[in-house]
Every structure is written in structure tokens, then in C-alpha cells.
Amino acid sequence: MATTDITIDTRTAPPPPSTKAASAAPSLILGEHQLCPGCGEPVALRLLLETLQDLGVVDRSIGVVGHGCYGSFVRIMDIDVLQCLHGRAPSCATGIKRMRPESVVFTLQGDGDMVNEGLQEILHSAARGENITCILLNNGVFGDTGGQQTATTVLGQRTKTSLEGRNPEQHGYPIPIADLVASLQGSGYVARGAVSTPGAVAKTKRMIKRAVQSQLDGHGLSLVEILTMCPTGWFVPAAEGADYQGASMEPVYPIGELKSQENERA
Amino acid sequence: MTLELLQGSVAITRAALAADCRFFAGYPMSPFTPLLEAMSREMAGAGGVCINAESEIEGANMALGASAAGFRSATGSCGQGIALMQETIAEAALNETPLVVFNMARNQQDYYQCTRGGGWGDYRTITLAPKDITEAVEHTQLLFHLADKYRAPVILYGDDLLSKTQVGVHVAPLDLPELPAKDWALDGSASGTGKSRQVWTFAMGKKNDPGPGPDGQWKRVAAKFAEIEPVEARHEGIHADDAETLVVAFGSAAKFAEYVVEELRGEGHRVGLFRPITLWPFPGAALARATRDVKRVLVFELNAGQMIDDVRQWAHDRDTIRFIGGVSIDEHGLAYGPLLDAPVIRERILAEHAEPAVVPAGRS
């Protein structure tokens, strides 16, 4: 029978706990956000900012931000930003990136911004192979205006403009924008992540990193669709947002990479 | 000075390049199309970018993005296409991004569109209306200067004649004053320093550098246009000092009217021309002076009467004003119709000039 040689030294203090804890605020965030309790967007935005730091491209990063709740976040986001018209971020980003090809240019858009108002912009920018990274924060509702139906609202979802739940006869079907973008030749990397569980958060961060790396490698438009929680817009308790998202959105919008250079080579 | 035979669109393109324009995006629409084609031909050779955008909305926003990144940029269209761009033009005005817009219009029905806009907010667009290609070359360079000087959208009101006619022209760089560096432009270098920049109509700024906020920003923008108005108004008077009959016209129509006025002067008629060069700011104070001693003011414009509103606002005596223009478009709907013809304009001026002047009661 093996004996253990571990001894516990009770005379000295234990080593300090790990400082790797997520409580350390990223230096690119200058203060506290004002988004609702249970909102998934702050996590997604933080992942993006941490990725820019990890890749060492902060001092050449320019953001183009559409209209939505995340717009309030921009005031505490230490990144050069153009806040543009609803839906037009990929077009504005095109102008910036074409003139400053050395920059890392990203767009931040909600589903109402990108898929309703800006459907043409995202599809054409992808088709042109614009070398930008687009981040879609998809919560399936217009959060900023109080929870109305968007083009990505899943069937059965209750919103302020589909009170009995979205039904295809009246409201049509949701648009899987990431699949559309992935089908275009000009896109280099497309993935769909979520921020509803710790595992999903870690996976999504890897996706964002690969998307920005795809831009650095010049592979064309990269898109990460991130499913985020909007308990306020969904009329569910804040603590139930993550479970609700998992049950309602993820079956319609499966998590995973839809397109990458590795996939192409495989 | 060597003259080169150039199509108007090519001459304007060369002028834009001489003004350091390095980004252009537009969507084909006649008679703007030749300008887009010329830009796409010549921009790459000048180290710039020209994108054949998939819509006017995209083209205008691409140009806005390039401008926000600190580069001289332009877009363009005509009529209906400019209507689609109005959201972006208003945005550029309110977030203070320079943007040059070429309206190569089909006739003169875009006057309200250029001077009143169709976007939201308390903004105006400096609008220059060249009478010919030579002047368009100057105006193009001046517009890039004014756009940067005031950080505002500006419009060149051209037309199908300016777009497609070929003339001998010399594109010489204008000698314009130096402008301050664009320290507001987004290049990413301030990201992560705690002093990152923000371009936004609501101008709430960053936590470390709070902006004026919407109320302060929009008051500031409105005050800026109030400052521009008296300073940038431009006009030209031809035989206007001693005219009994003063014709008011702009753009290509003014060039035709100028020819007719010279012809009538040669025959002894006391006829003159007042030409607003800037449609906004409208040279109202100058028009008030020029119309003080005339017997009649004849407004010739190729629309149902749009600039006449500004003439009515500023003329010394509203009762002297007559409209001698009208809607006139060719059978395709793309170019001027039969009204833009010297004999027609001559006939309309003489019909009024020969009439005894109506002197309203109370005016001696």
C-alpha cells in the first residue's frame, strides 16, 4: 500500500489565490455599463475587447457601431469609434478599411441593426470580401426600443409586436444571417457563439480571436454571430435569461463554426 | 496654359484628384454615371479607391466612413439617388464629417433637395451651382476645402450638360489656405490610451472625454450654419447695376441666360442677370441690393418654381417678380427639354421686358 508523503505545513500562510480570476476589469473598459440585469451584451463586448488586447492590435483598432443597447457601452469602451446610422456599419467600415488597410476594423451590430435595416450592407460587404470583422449581437428582439420583433426573432417568440408569439403565416420566418454570409465567396470566417454558459463564453472568445486573425490574414469578411440574452425584451426574469436562450434560440441557431480557412483546406 | 479636350465628368474627376480626393463611391444613375466611370478609371492611378457601390445608401456611407478616417472623400448621384443619400448627408452634417456630394442632376428640380435637404435636424448643405465645366473644376476644389473647413457635407449641383459635354479645359490646382490637421479623425492610434475618439451625432463622448451631448452638439451645429450663411454666399451680376429687367438664374440655365442678356444689351435693352453661385447660402442680401432699382425680376429656372421662393424672400419688392421658367425635360426624362434654348429664353425675357412695368401702389 502506497503511502503519501504530502505534509501540510500549518506554520506558514497558504499561497495567495490565483489572480487569473475574471473579476479583473479589462483595461479597455473605463467604467461600469448601464445595460439591464441579465443582459448578455456586456460579456460579448468584453470578449471582443480582450481579444483585441490579446492580439496586440489595440492601437490600430477602429470600431463602427450601429444603433442598439450596446451603443451606451461605447462611452466606456476605450476604442476609436464611428457611431453610424442604423444598419450602415459594414458600409462605413468599408470606407475606413479601404483607406486604412493597416487598421483592424470591426463593426458591432444588433440583429435589428444588421439583419433588418442593414441586410443589404452585410451581404454586399461580405460578397465584396471586405476585410473587416463584423460582430452580431443577436438577442432576437429590438432591445433598445423595448422588445419588438426583429428578422431573427424565432418562431413562437413573444415580443411587443408579436404578442401571441411569432408565427410564419403573419410574421414570416427568421433569417439565419451567419449561414447566408458563410455561403458567400467573399467571407473568410463565420461562426456562431453564445454567452449563456461559461463553456459557451470560452468557445465564443476563441471564435472572435479567429475572426480577427482572419482579418489580419486578409481572408475577407469575418462574422461572429453571438447569441445574447435579453430578459427585459423577452419578458422573463433576469436569472432565467440564459436558460431561456438555450431553449428558444440555440435550436434555431446552432452554435459552431460555419466557415474557416481550416474547413476549406480540410 | 494648355487646354485639354475633356468631358465634364473627367474634368471634375481631375479637379477632385487635384484636391486630394482619394475615395469615391457611387451607384450608376444617368447622368451621374459618366462621373462614376471617370472616377473608377482615374482614382486607382492616383493611389485612391473608387467603389461601384450596390446602392446609393451604401455609397454615401462608404464615403462617410472614409471621411471619418480622415481622407477627402466623395459620393454622388442625381435626384432620386440623392434622395436615398439624404439620411447620410444629414448624419454627416450632425456628426460633423466632411462629405462632398456630386449631384449631376437631370434638370433643376433638385433645388429644394439640395438647399433644404430631406434629412432630419437643423442643418444646411453648402451648394455650389457652376454655370459651366471650367467653373465646375474650380467649384469642385473649393467644395473639398469648404467641407473640411466647416466639417460639413457640401453639394456640387451639376447637370447632364456638365456631366457629358466636352470642352477645352485646364485643370489647375486652386491656391487655397491651409486647414488645421484633422485631429478628430479616426485612425485607431488613440484606442487604448484612455483618450479614444468618437464620431457620433449625439456627441456624448467617452467617459474620459465627455462630449457636449445632443443638445449642445445640435446647437453648435446650428450656430455653425448660421455663421456660414453670411460668409460663404456667392453671386455674380452681369449688367445688373443699371438693369430695368433683372433675370435671376443659376447653373447651366444661367449660362444660357447670360448669352441672351449680352445679346439683348447689344440691341440696347436694359436687361441684366443675377446669378446665385451658392444656392445655399443664398446670396439674399446681394439680391436685395441688386433688385432695389429694377422694374421687374424674371426668375428663369427649369422646374415648377423652387428658387423663386428664395427670390421672393429677398427681392426688394416681391410684386416685381415674374416666373419665366418651367419644367422642361427631354422625352427620356434624363436631360433638359426644349426650354433650355437661347431663342426661347430671349422670347420669354422680351415678352416681360416689353410690358410696361407694373408699379405697385405705394411705390414711386
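In strand β17 of chain B, B:Ile321 is the bridge partner of B:Val297. The strands concerned, β16 (residues 296-299) and β17 of chain B, run parallel and are joined by 3 bridges. Two strands are taken to pair if DSSP finds at least two bridges between them. Strands here are DSSP runs of E of at least two residues, helices are runs of H or I of at least four, and both are numbered from the N terminus.

Before I continue, a word on the basis of these values. This is a predicted model, in which local features need pLDDT of at least 70 and side-chain atom pairs count only at pLDDT 80 or more, while totals for chains, interfaces and linings use all residues. Residues are numbered from 1 along each chain as its sequence is written, chains are lettered from A and ligands numbered from 1 in the order in which they are written, and side-chain values use heavy atoms, leaving out hydrogens and water.

β16 and β17 belong to an open sheet of 5 strands in chain B, ordered β12-β14-β13-β16-β17, with mixed pairing. At its edges stand β12 (235-238) and β17 (321-323) of chain B, each of which pairs on one side only. From one strand to the next, the twist averages 20 degrees.

Also in chain B, B:Ala288 lies in helix α10 (residues 284-290). Is B:Ala288 buried or partly exposed? Its relative accessibility is 23%, so B:Ala288 counts as partly exposed; buried means under 20% relative accessible area, exposed over 50%, and partly exposed in between, with a 1.4 Å probe and protein chains only. Beyond its neighbours within four places in sequence, B:Ala288 is in contact with B:Trp314 and B:His316, contact meaning heavy atoms within 4.5 Å. From B:Ala288 to B:Val311, 23 residues apart in sequence, the C-alpha to C-alpha separation is 8.8 Å.

I turn now to a sheet that involves both chains. Its 8 strands form an open sheet in the order β9(A)-β7(A)-β8(A)-β4(A)-β3(A)-β1(A)-β2(A)-β9(B), and the pairing is mixed. Which strands stand at the edges? They are β9 (256-259) of chain A and β9 (198-199) of chain B; each has a single partner strand, so one side of each is left without a neighbour in the sheet.

Within this sheet, β1 (residues 61-65) and β2 (residues 80-83) of chain A run parallel, joined by 4 bridges, and A:Ile62 stands opposite A:Asp80. Strand β7 (residues 187-194) of chain A is mostly covered, with 8 of its 8 residues buried. β7(A) pairs in the parallel sense with β8 (residues 221-227) of chain A over 7 bridges, and A:Ala191 faces A:Val224 there.

Finally, the helices of chain A. The axes of α1 (residues 41-54) and α7 (residues 198-216) of chain A come within 9 Å and cross at roughly 50 degrees. Axes are lines fitted to C-alpha atoms, for helices over the stretch in contact, and angles run from 0 to 180 degrees between N-to-C directions. α1(A) is therefore oblique to α7(A): angles under 35 degrees count as roughly parallel, over 145 as roughly antiparallel, 65 to 115 as roughly perpendicular and the rest as oblique. Among the residues of α1(A) that meet α7(A) are A:Val43 and A:Leu47, and those of α7(A) include A:Val201 and A:Ile208.
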